[in-house]
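Me: I have a structure to go through with you. Can you walk me through what was computed for it?

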Amino acid sequence: MLHPDIKEVLYSEEEISAVVKDLGAQLTKEYEGKNPLVIGVLKGAVMFMTDLSRAMNCDLELDFMDVSSYGAGMESSGDVKILKDLDTTVDGRDLLIVEDIIDTGRTLSYLIEIFKYRKAKSIKVVTLMDKKERRVVDLEADYIGINVPNEFVVGYGLDFNEKYRNLPYIGILKTEVYE
Ligand code: 5GP
Ligand code: MG
Ligand code: MG
């Protein structure tokens with residue numbers, strides 16, 4: 001049943017699943033014979049990462065990084081902080097950064113700089129969603145699931161004030177929820 005705070009479902013569970021399987025197949029080819037370190041950016045990318053990694057038919061390792069560029073609400077502060085670092089050494093590794101959505105691009109450009117500094121062998125980015133219209137940093141993901149309109153979306157890992165992450169679909173909130 002649809003959550004009462006959701007105005008509209010943009011992508012259903014089935015649509016998301018098809019996109020994730022397709023990305024998984026592409027990444028299986030990309031990393032054939034390699035052992036990439038798949039880095040999930042907490043917490044938004046968790047659902048996507050667990051589904052995507054199961055759609056990747058190759059050896060890989062999982063790790064997580066938690067950074068914050070957003071406050072409690074919907075606005076990017078532009079000020080990126082590491083809240084949890086990787087457990088794994090990046091030096092010489094093939095890295096796949098897994099993002100839920102690229103908006104301004106600030107979080108990702110910060111992560112890429114860190115991993116270059118730490119001497120990663122290669123760095124690729126896969127994002128479930130891309131909100132190109134909002135970009136302030138010149139940056140492109142290597143693999144993009146869905147190009148989304150300039151709307152604040154929730155569900156499938158994405159939150160508003162920590163809520164709605166567990167919705168199996170991606171949707172937009174009714175305006176009265178955040179106004
Ligand atoms: P950035 O602006 O740095 O590209 O985006 C950083 C993070 O903000 C994203 O990875 C995501 O977690 C969050 N974010 C960006 N756009 C949205 C959105 O439409 N909905 C939600 N829930 N989070 C978003
Ligand atoms: Mg994110
Ligand atoms: Mg958030």
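**Overall fold**

Reply: The protein has 4 helices and 9 strands, where helices (H or I, at least four residues) and strands (E, at least two) are DSSP runs numbered from the N terminus. This is a predicted model, in which local features need pLDDT of at least 70, side-chain atom pairs count only at pLDDT 80 or more, and totals for chains, interfaces and linings use all residues. Residues are numbered from 1 along each chain as its sequence is written, with chains lettered from A and ligands numbered from 1 in the order in which they are written.

Me: What pattern does the protein follow along the sequence?

Reply: The pattern reads β-α-β-α-β-β-β-α-β-β-β-β-α. The radius of gyration is 16 Å, close to the 16 Å that the globule rule gives for 179 residues, so the protein is as compact as a globular protein of that length. That radius is taken over C-alpha atoms, and the rule is 2.2 Å times the number of residues to the power 0.38.

Me: What share of the residues counts as buried?

Reply: 33% of the 179 residues. Buried means that 20 or more other C-beta atoms lie within 10 Å of a residue's own; exposed means 12 or fewer, partly exposed is in between, and C-beta atoms are placed from the backbone.

Me: Switching to the ligand. Which residues are closest to ligand 1?

Reply: Gly44, Asp103, Thr104, Thr107 and Leu158, out of 20 residues that surround ligand 1. A residue is near if its C-beta atom, placed from the backbone, lies within 6 Å.

Me: Which element gives the largest share of that shell?

Reply: Strand 5, with 4 residues. Strand 3 (61–70), strand 5 (94–102), helix 3 (106–117) and strand 8 each supply at least two.

Me: Which residues of helix 3 are buried?

Reply: Arg106, Thr107, Leu108, Leu111 and Phe115. Thr107 is also among the residues closest to ligand 1. Just after helix 3, Lys119 takes a positive phi of about 65°.

Me: How many bridges join strand 8 and strand 9?

Reply: 2 bridges, with strand 9 covering residues 170–173. Val153 has Ile172 of strand 9 as its bridge partner.

Definitions and conventions:
Pairing = 2+ DSSP bridges.
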